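Please read these notes beside the displayed model.

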Amino acid sequence: MNEIICPHCKKAFKVDEAGFADILKQVRDHQFEEEIQTRLNLAEKEKESAVKLAEANVRYSAQEQLAKKDKELTELNAQKDIELFQKLAQKETELLQLKSKIENAEVEKKLAVNEATQKAEKERDNLANDLKIKDTEKQLLEKSLNEKFSSELKTKDDIIKLKDEEITLRKDMKLKLSTKMIGETLEQHCETEFNKLRATAFQRAYFEKDNDSKSGSKGDFIYRETDEAGNEIISIMFEMKNEGDQTATKKKNEDFLKELDKDRNEKKCEYAVLVSLLESESEYYNSGIVDVSHRYSKMYVVRPQFFIPIITLLRNAAMNSIQYKAELALVRSQNIDITNFEEKINKFKDGFARNYDLASRKFKDAIDGIDKTIKELEKTKAALLSSENNLQLANEKTEDLTIKKLTHSNPTMKAKFDEL
């Protein structure tokens, strides 16, 4: 039992445990509700205070930001005004500069126009003066050319007249000569032209008529030239052909090329030249020196006026090739020496090979003989060894031989030895 004292009357009374628990519960519930209510009230007061404080803070912050924005807006408006003022001032300055440039450009334009006008007028005056000078020069040049052409025309007419007279003279001369005489005259002409230069230009040259007709034909002239050592530089077989305008059968240069090539080869000449007046109207042969090497090797057809030039050209070409010929001869001689050396080497090699073959065969025969001898000696050795063995056996048998053994089963021999 629990004893409880009343707080008002100070009397004690007892309650059981169930009653005490119920009283205690009532007390606790009442205190708990009071405490909760107290705390709720405090929480409500704190909430109201916090809300008021938050409202005050928000109101202050908003006022502060609003003031800041007003300040920034004021400053921005002021800055915009300054920039706008600066831009307007800059534009006015640029406008003034452009106006100044335009005015300067107008002045420069006027000066340039004046200068160009003056220059054009000066060039016009110079061109006018040049034109007058050119006209004067043209007139003088025309006059000079007219005089020159008149003089040249007169000279040309004189030359044509002289040529006509010369042609007429030559035709008359041809009519008076036979075909053989014309040919001989051409040969004499060429020989005379050569002899004029023989002493100065052809000191080591041979130029004579071809008198060797063993093969049945011959050329007209043979030209040969040698160097100081006597080596031939060049050789040419010449044939001269001409005929009169009144000859019944006209010959062509082509008709004589084959025979000329034959004469060149038989007389061992390097070149062949036909000096011809045949086909006098042919532009092909009248053009100068005609190369017919496509028909016959190293052959030319020339007019009489090219007789000396063809010799000079071929001679100069041969002189230029002398060094190459000498080098070629040296190379050929060296090649011959090398060939001889190679032939000697090959001959030595062949002889050596033949001797080596013979020696090798004899050596082999000797080796075979030695082998055979060795085999015979080995047989002899074997026979001797076999004989020695037999002798050894015989010796052993001889040593083992006694009178007792000899007389054993032989009473006659035993009696004889006993007597001895």
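1. A contact here means heavy atoms within 4.5 Å. On that basis, 52% of the contacts in the protein chain between residues at least 6 apart in sequence join residues at least 24 apart. This is a predicted model, in which local features need pLDDT of at least 70 and side-chain atom pairs count only at pLDDT 80 or more, whereas totals for chains, interfaces and linings use all residues. Residues are numbered from 1 along each chain as its sequence is written, and side-chain values use heavy atoms, with hydrogens and water left out.

2. The protein chain has 8 helices and 8 strands. These are DSSP runs numbered from the N terminus: helices are H or I with at least four residues, and strands are E with at least two. Of the 420 residues in the protein chain, 17% are buried. Buried stands for under 20% relative accessible area, exposed for over 50%, and partly exposed for values in between (1.4 Å probe, protein chains only). The accessible surface of the protein chain is about 33700 Å², and carbon and sulfur atoms account for 56% of that surface. Areas come from the Shrake-Rupley method with a 1.4 Å probe; for residues, only the protein chains shown count as cover.

3. An open sheet of 6 strands has the order 3-4-5-6-8-7 and mixed pairing. Strand 3 and strand 7 (290-291) are at the edges with a single partner strand each, so one side of each has no neighbour in the sheet. Two strands pair if DSSP finds at least two bridges between them. Strand 3 (205-209) and strand 4 (221-226) run antiparallel and are joined by 5 bridges; Phe207 has Tyr223 in strand 4 as its bridge partner.

4. Which way does strand 6 run relative to strand 5? The two are parallel, with 6 bridges between them, and Ile236 has Tyr271 in strand 6 as its bridge partner. Strand 6 is also parallel to strand 8, through 4 bridges, and Leu274 stands opposite Val301 in strand 8.

5. Strand 6 (271-276) is largely enclosed by the rest of the structure, because 6 of its 6 residues are buried. In a regular strand the side chains alternate between the two faces of the sheet. Here Tyr271, Val273 and Val275 point one way, Ala272, Leu274 and Ser276 point the other way, and all are buried.

6. Helix 3 (254-266) lies across strand 5, strand 6 and strand 8, at about 140° to strand 6. Helix 5 (307-320) packs on the sheet and touches strand 3, strand 4, strand 5, strand 6 and strand 8; its direction makes about 160° with that of strand 5. Axes are lines fitted to C-alpha atoms, for helices over the stretch in contact, and angles run from 0 to 180 degrees between N-to-C directions.

7. The largest nonpolar core has 24 residues, and Tyr223, Phe238, Val273 and Phe307 have the most contacts inside it. Such a core is a set of buried Ala, Val, Leu, Ile, Met, Phe, Trp, Tyr and Cys residues joined through side-chain atoms within 4.5 Å. The elements that each supply at least two residues of this core include helix 2 (179-201), strand 5 (232-241) and strand 8 (299-302). Helix 5 gives the largest share, 6 residues. Apart from this core lies another, of 13 residues, among them Leu257, Leu274, Val292 and Tyr296.

8. Leaving aside neighbours within four places in sequence, Phe238 is in contact with residues including Phe207, Tyr223, Val273, Phe307 and Ile310.

9. Lys267 is in the loop between helix 3 and strand 6 and is buried, at 12% relative accessible area. Beyond four places in sequence, the contacts of Lys267 include Asp210, Asp212 and Arg224. Lys268 is found in the loop between helix 3 and strand 6, but is exposed at 66%.

10. Most residues other than glycine have a negative phi. Lys268 has a positive phi, near 55°, and Glu279 has a positive phi, near 50°. Glu279 is in the loop between strand 6 and helix 4 (283-286) and is partly exposed, at 28%.

11. Cys190 is buried at 0% relative accessibility, and Cys269 is buried at 5%. How many disulfides does a search of the whole structure find? The search finds 0, a disulfide being a pair of cysteine sulfur atoms within 2.5 Å.
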